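Dear colleague,

Here is the structure that I promised to hand over. Please keep it open while you read the notes that follow.

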Amino acid sequence: VFSHFLHPDDIFDEERGAGNTWEQLFKNYGEMLHMVNERYQGLRPLTASQAADAVKAATELQVVMNVSEGRVFGKANGFYGEGYCCFKSKQIPFADNDSCEVTPISYSYGGEYYLVKILKPEFSFYLEEKS
């Protein structure tokens, strides 16, 4: 979960505002959000209460994955509707059916971390060697 905001009294607090004007604080905030969106494409935009629900669902979800012959087979215990987990691989994962979606979490770290959106209790995707 990533959460950040600009509080109106930051301009009055020397430590938080660092002597910047409101315009500069707002500009810095926008630049930081742009950087986060560029580096972490797998983040989902959620409200604070939605994020709390997502954390609860993630802690209750038990995902087991096995790799065999270039394919990942997964099972999600505690699944209800949709779930999410992370997957790390030097190979590139591709979803080739409707049981899941796989997206890079971050390109800035070599694209080795992926977000798997689980759409069915049993899911699978294949792995492709990097060229």
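Phe87 has a relative accessible area of 10% and is therefore buried, a word kept here for residues under 20% relative accessible area, with exposed meaning over 50% and partly exposed in between (1.4 Å probe, protein chains only). Please bear in mind that this is a predicted model, in which local features need pLDDT of at least 70 and side-chain atom pairs count only at pLDDT 80 or more, while totals for chains, interfaces and linings use all residues. Residues are numbered from 1 along each chain as its sequence is written, and side-chain values use heavy atoms, with hydrogens and water left out.

The structure holds two aromatic pairs, where rings of Phe, Tyr and Trp (its six-membered ring) pair if their centres lie within 6.5 Å, and planes under 30 degrees apart count as stacked, over 60 as edge-to-face and the rest as tilted. Phe87 and Phe125 form an edge-to-face pair, because their ring centres are 5.2 Å apart and their planes stand at 85 degrees. This pair links distant parts of the chain, since Phe87 lies in strand E3 and Phe125 in strand E7 (residues 122-128), 38 residues apart; helices (H or I, at least four residues) and strands (E, at least two) are DSSP runs, numbered from the N terminus. Phe125 is buried too, at 0% relative accessibility.

The rings of Phe94 and Tyr126 have centres 5.6 Å apart and planes at 25 degrees, so this pair is stacked. Here Phe94 in strand E4 (residues 92-94) is linked to Tyr126 in strand E7, 32 residues apart. Phe94 is partly exposed at 33% relative accessible area, and Tyr126 is partly exposed at 29%.

Turning to the sheet, three strands form an open sheet in the order E3-E6-E5 with antiparallel pairing, two strands being paired if DSSP finds at least two bridges between them. Strand E3 (83-88) and strand E5 (100-104) are at the edges with a single partner strand each, so one side of each has no neighbour in the sheet. E5 and strand E6 (residues 113-118) run antiparallel and are joined by five bridges, and Thr103 has Leu115 in E6 as its bridge partner.

With kind regards
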